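Subject: Structure for you to look at

Hello,

Please find the structure below, followed by notes on what was found in it. Keep it open beside the text as you read.

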Number of protein chains: 2
Amino acid sequence: MEAEGSFTFRQGVIGLQGTGSGFTRRGVIGAGAGIALSAAIPKVARAKPARTSASAKSADAIVVGAGISGLTAARKLSAAGKTVIVLESRDRVGGRMLNHDLGGGHVTELGAQFVGPTQDHILGLAKEMGVNTFKAYDEGQNVYYKSGQRSTFSDKLPTGAVPLDPLILPDLLKAVLQLDQMSQSVPVDAPWRAEKAEEWDSQTLWSWFKDNQINPQVQGVVSAAVEPIFGAEARDVSLLYTLFYIAASGNERNPGTFERNFSTAGGAQESRFVGGSQLIPLRIAQELGGAVHLSSPVRRIEQTGSGVKVISDGGTFSAGQVIVAVPPPVAGRLQYDPLLPSLRDQLTQRMGMGTLMKAEAVYDEPFWRKDGLTGQAVSDTGPAKITFDNSPPDGSIGVLMGFIGGREARTLGQLPLEEQKAKALQSFANYFGEQAKKPKDFILMNWSTEEWTRGCPVSVLGPGTLLDFGTAIREPVGRIHWAGTETATYWNGYMDGAVRAGERAAGEVLAEI
Amino acid sequence: MEAEGSFTFRQGVIGLQGTGSGFTRRGVIGAGAGIALSAAIPKVARAKPARTSASAKSADAIVVGAGISGLTAARKLSAAGKTVIVLESRDRVGGRMLNHDLGGGHVTELGAQFVGPTQDHILGLAKEMGVNTFKAYDEGQNVYYKSGQRSTFSDKLPTGAVPLDPLILPDLLKAVLQLDQMSQSVPVDAPWRAEKAEEWDSQTLWSWFKDNQINPQVQGVVSAAVEPIFGAEARDVSLLYTLFYIAASGNERNPGTFERNFSTAGGAQESRFVGGSQLIPLRIAQELGGAVHLSSPVRRIEQTGSGVKVISDGGTFSAGQVIVAVPPPVAGRLQYDPLLPSLRDQLTQRMGMGTLMKAEAVYDEPFWRKDGLTGQAVSDTGPAKITFDNSPPDGSIGVLMGFIGGREARTLGQLPLEEQKAKALQSFANYFGEQAKKPKDFILMNWSTEEWTRGCPVSVLGPGTLLDFGTAIREPVGRIHWAGTETATYWNGYMDGAVRAGERAAGEVLAEI
């Protein structure tokens, strides 16, 4: 029953009961460690950035958090000739973007990885940093697994990633169409101003499905989509928040659609980054040089009439303005003097992070391709209800990746680690055969156990939050500006939103200094 | 238009825009300061407690938080002969129980104040501490204010505090009855195990009202009840959480009922404490002496194989066990080493505090009594939708108290302070006449601006939280035990629940040491 090879569980917490299950815990991958920085930063025409020396204790601006949002802000400020200090809690940059070295020059990602059409900001940034994309493997048939029955279907039909199940297809397409239509009346910069905001923020997505008499069988496929998209269940999310998220899944020229969230070709899972997504923040950090301070968790932000003082475990720094670019529940844990307005504080009390794991199994080859399969599965049975072929561009080794989200992650996370692994591999075997149970390497990344993220992929908003607290999401508080993907108006929850939020926050700061 | 006299706004945060509105901000009332400790601690037969000297850096147990829950735990441990250290962030004890000196030997309460039948634990504790009760003033007619129309009704009829409005009475009574019946299938110690837990935790209370075709006019009165009870709106709360809260509004012998939450005679607002509710924690603290450290916010809790180390601004302390007795969003802000299990951490990410203010206006006399009024009002119009006569026992001065909760508090809290005051007094005038606009003193307490509470009266749970995260509410994590009213099985959210939780947590610790 037990698979061979080495296993890695990426978890911040193992629990007090100890583990004793013979797995390898790898250390956190630091900037530049374990990751092939295969190419030097390409020479792209741009203004020579203002450099901040590693010993500087003050700068024009301080950025809290070296995820892609904070680094984007720092880079923009630097390019405008401003000095900047970036304070990062971890001993690495990238936040929710994290490469994992598979050996042999191959990497996979344990966090954000996919990009697609309309995500122009992350794509533009990647291009500037010399990071190329390649199409996610999508040749052949997808697997559909329902109530223990396995079948296959093509996602190249107009129905896209929706399985060709006559019992659910009509209702599901109808529901997606209705949600898309409703979302068009939700302003992405102020969802609480939608005409029906109060009604839509008074109920859950689950209630909407029930009230619209959607066939209950659809719920299985809905959970397969909602669990990875939000790290949550349909009952956890407000209908208004869902509609905002859909509206935000596009850009200024292309209205958002729900389908983009769960589609490969033409959707948010269309492409991946050569060398792994973390290459982008790693290269920005290299460009920023000594301005980036690792292992420097910020504990306190003090505002005075003349500036801001930021107290971290790595020292005290001062600046004219500060950008806080960490997840809302992490931002809410900082001490602020003076206290933040209560609306902002109570907002972060209500922006709990989703629950999401990624399970990745490494094989000598992507064996499912020979069976004419894409490696993609949609299942009503957990723990991994959605899978992808996460093999490197050349397909020289095989990697299956499964999302385990929402209730599946909450229950799985309480089992002994070896059981978590066995159950994840059982999902892979259900879709791609018994061979899937014998990986040569296995990695389970549980983002809820990460102290500096506390969940993934995004903050999940229940009913009533956007309506009464939404205005505080990105409203600056004196010299404090808010970044991070949760503050984005387009592609909120995605890398693209994080980049957009960083750009917007940098613009706010530039207007002040 | 402007009322005369002095005004006090009890707010931790005024906002960065400054105030400039000519009001008096009083300092925080410290233990013993400004409060008449009118009687020495009565001699009650009990074991001589183990005293901990003020200089002790270690003890058998440490309690984080000197609210009534933490102090109850400390007192119980002390009575069992254990040494204990209590670490409190504020420069006073009592947490959400806070007296306010009105001068002339009179006090009113800015936080928890009422007690009633089945709340045996707080009543028993008060008796032990020599604090007496008196009946809340309830003579005469209640005011009902709907869409600008004022009428009066008696709450001594079988319909109790429900206004005699033929348009809403039948539906409201039906709804309360149904909710009471449903609540009886919810186990107070494990609401997630109710047979219909998944269905009930998938929707909001608002959705339930809608689906049961309750007359929309009922919503006005529902908001009047839900705003003070939860500091939230019907859309903010999970139906399962509401049913749990109802089930918990009783004791082991008397099943909970919704009515008890909003009734005066026979309900949770039946009685008050002579000298103010804070007298109870003040006397416990006096009994514990040097064991209570004020102005010592805890920042970090480290567990080792042999004990626990608690790092506060007032020093580092060690013990065998620790009880954390602060609101969940405050507990979630501490640093833990090792990190807490992710289910516990993500639970506190989802237990945002309600939004609640108390407005209190002081007059030379309780003038409404002469008009045959109880001082109680139920209104569909904010900001204060529920009021009480909060005058001292002898009625020698008059105090009107209004609850401002949920959306009313969230919007009111963003206005200039003078406008907040004017709007609150307008509510009082709507119910009791223009005379209400001329108080000799006015106090507005906004609990959302209190750093060490961050909202009131209780954590508010949206859909999906109890179901997936509920098991972590009071499950000890190694040497860490959880108290506070949010962990109570009966009278969760009330003083009685806080006392019960403190007793339970102390029992857990005594079983370990």
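The centres of domain 1 and domain 2 of chain A, taken over C-alpha atoms, are 32 Å apart. Domain 1 of chain A is made of 1–30 + 133–161 + 263–272 + 354–452, while domain 2 takes in 58–95 + 277–340 + 477–512. Those bounds come from an automatic or database domain assignment.

This is a predicted model, in which local features need pLDDT of at least 70 and side-chain atom pairs count only at pLDDT 80 or more, whereas totals for chains, interfaces and linings use all residues. Residues are numbered from 1 along each chain as its sequence is written, and chains are lettered from A and ligands numbered from 1 in the order in which they are written.

The two chains

Where the chains meet, 43 residues of chain A are in contact with 43 residues of chain B. Contact here means that the C-beta atoms of two residues, placed from the backbone, lie within 7 Å. On the side of chain A that touches chain B, the elements giving two or more residues are helix H5 (205–211), helix H11 (342–349) and helix H13 (407–412) of chain A. H11(A) has the largest share, with five residues. Helices (H or I, at least four residues) and strands (E, at least two) are DSSP runs, numbered from the N terminus.

By class, this side of chain A has eleven nonpolar, 20 polar and twelve charged residues. Ala, Val, Leu, Ile, Met, Phe, Trp, Tyr, Cys and Pro count as nonpolar, Asp, Glu, Lys and Arg as charged, and the others, Gly among them, as polar.

A hairpin in chain A

Strands E4 (residues 99–103) and E5 (residues 106–109) of chain A pair in the antiparallel sense over four bridges; two strands pair if DSSP finds at least two bridges between them. A:His100 stands opposite A:Thr108 in E5(A). E4(A) and E5(A) form a hairpin with two residues between them, and A:Gly104 in the turn has a positive phi of about 65°.

Two helices in chain B

The axes of helix H3 (residues 169–183) and helix H7 (residues 239–247) of chain B come within 8 Å and cross at roughly 85°. Axes are lines fitted to C-alpha atoms, for helices over the stretch in contact, and angles run from 0 to 180 degrees between N-to-C directions. H3(B) and H7(B) are therefore roughly perpendicular to each other, a label for angles of 65 to 115 degrees. From H3(B), B:Leu179, B:Asp180, B:Met182 and B:Ser183 meet B:Leu243, B:Ile246 and B:Ala247 in H7(B).

Backbone details

The peptide bond joining A:Asp337 and A:Pro338 is cis, with omega about 0°. A:Pro338 is in the loop between strand E14 (335–337) and H11 of chain A. A:Ser147 has a positive phi, near 50°, although this residue is not a glycine. A:Ser147 sits in the loop between strand E7 (141–146) and strand E8 (149–153) of chain A.

Regards

Methods: Parallel < 35°, antiparallel > 145°, perpendicular 65-115°, else oblique.
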